[in-house]
Amino acid sequence: MQAIMETLFDAVYLISVITIGILMIRGSKGKEQFRLFGFMAVVLGAGDAFHLIPRACALCTTGLEHYAVPLGLGKWITSVTMTIFYVLLYYVWRQRYHIKGQSGLTAAVYVLAGLRIILCMIPQNQWFSTDAPLSWGIWRNIPFALMGLLVIVLFYRSARAQGDKAFRWMWLTIVLSFGFYIPVVLWADTIPMIGMLMIPKTCAYVWTVLIGYFAMKQECK
C-alpha cells in the first residue's frame with residue numbers, strides 16, 4: 001500500500017510542478033520574474049525526478065536496498081538542483097521588487113550555493129552507500145539552510161514593506177519546507193517514520209510554485 005500511495009503522490013507532484021513551470025514560461029508575457037519562476041519550477045520537478053523515480057521503482061519491485069546506486073545518484077542530483085532552485089528564487093525576488101545593486105548580497109548567495117555544491121561533490125558523502133555518514137549530511141546542508149534563511153528574510157521583508165498580497169506567504173512556504181526537511185536529515189536513518197515529513201515538505205514546495213502561478217495569472221491578463 002505504501003508503494004502505491006507514495007508512487008501516486010510523487011507522480012502527481014512531478015507532473016504538476018513541471019506542467020505549471022512550462023505554463024509559466026509560456027505565459028509570462030515578457031515578465032522576467034514569472035519566466036524565472038517557471039524555470040525554477042521545472043528545475044524543482046526535473047531534479048526531484050532523478051530521486052523519486054528510482055525510489056518508486058524500488059518500492060514497487062525489490063526494495064530500496066537494491067537501488068542504492070540510482071537512489072544515491074538521484075539524491076546527489078537533487079541536492080544540486082535544489083541549490084539552483086534557491087538561486088533562481090533569489091533572482092525572482094530581485095525582479096519582483098525591482099532590486100538594484102546589492103552586489104554583496106548576490107555574492108553571499110553565490111558563495112553559499114557554491115559551497116553547498118562543492119560539499120555535495122566530496123566523496124566522503126558516500127552517496128552510493130546505504131550507510132552514508134550523518135555528519136556529511138549535516139555539513140552539506142549548513143550553507144543550504146543559510147541560503148534558505150536569507151531568502152526567507154528577503155521575501156518576508158519585501159512583501160511586508162510593499163504590501164504584496166500575492167507573495168505575502170512566500171516566506172512561510174520556505175520556512176515550512178526547511179522545517180519538515182531538517183528532521184529528516186537528522187533522524188530519518190534512526191527513526192524511519194520521520195521520513196514521512198517529506199510529504200508535507202513536498203506540499204510546501206507545491207505551495208511555493210502555486211503562489212507564483214496564481215500571481216502570474218492575476219498580473220499577466
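H98 is exposed, since its relative accessible area is 63%, over the 50% cut-off. This is a predicted model, so please hear every value as computed from it. H98 sits in the loop between α3 and α4. Its phi is near 55 degrees, a positive value in a residue other than glycine. Most residues other than glycine have a negative phi.

K29 also has a positive phi, near 50 degrees, and K29 is not a glycine. The loop between α1 and α2 holds K29. With a relative accessible area of 61%, K29 counts as exposed.

Next, the loop between α5 and α6, where D164 is placed. Is D164 buried or exposed? The relative accessibility of D164 is 10%; buried means under 20%, so D164 counts as buried. Leaving out residues up to four places away in sequence, D164 touches R96, Y97 and A159.

If we set aside neighbours within four places in sequence, the contacts of L197 are F180, P183 and V184. As for distance, L197 and G63 are 134 residues apart along the chain, and their C-alpha atoms are separated by 20 Å.

Now the helices. Two packed helices are described by the angle between their axes and the distance between the axes.

I start with α1, residues 2-27, and α2, residues 32-60. They pack at an angle of about 160 degrees, and their axes are 8 Å apart. That angle makes α1 roughly antiparallel to α2, the cut-off being over 145 degrees. The crossing of α1 past α2 is left-handed. Sorted by class, the residues in the contact of α1 with α2 are 21 nonpolar, five polar and five charged.

How do α1 and α7 pack? Their angle is about 20 degrees, with 10 Å between the axes. Angles under 35 degrees count as roughly parallel, so α1 and α7 are roughly parallel to each other. Their crossing is left-handed. From α1, the contact is made by F9, Y13, V17, I20, L23, M24 and G27. From α7, the residues include I199, T202, C203, V206 and V209, along with L210, G212, Y213 and M216. By class, the contact of α1 with α7 has 13 nonpolar residues, three polar ones and no charged ones.

How many residues does the largest nonpolar core have? There are 48, and those with the most contacts inside this core are Y86, L89, F155 and F167. At least two core residues come from each of α1, α2, α3 (68-96), α4 (103-121), α5 (134-161), α6 (170-187) and α7 (198-219). The largest share, nine residues, is supplied by α3.

Take F167 from that list. Which residues does F167 touch, if we do not count those up to four places away in sequence? They are F37, V92, R96, Y97, F155, A159, I211, G212 and A215.

Notes. Residues numbered from 1 in each chain as written. Predicted model: local features only at pLDDT ≥ 70, side-chain atom pairs only at ≥ 80, totals over all residues. Heavy atoms only, no water. Axes fitted to C-alpha atoms, helices over the stretch in contact; angles between N-to-C directions. Helix = DSSP H or I, 4+ residues; strand = E, 2+ residues; numbered from the N terminus. Parallel < 35°, antiparallel > 145°, perpendicular 65-115°, else oblique. Left-handed = near helix turned anticlockwise from the far one by under 90°. Nonpolar A, V, L, I, M, F, W, Y, C, P; charged D, E, K, R; others polar. Core = buried A, V, L, I, M, F, W, Y, C linked by side-chain atoms within 4.5 Å. Buried < 20%, exposed > 50% of the residue type's maximum accessible area, 1.4 Å probe, protein only. Contact = heavy atoms within 4.5 Å.
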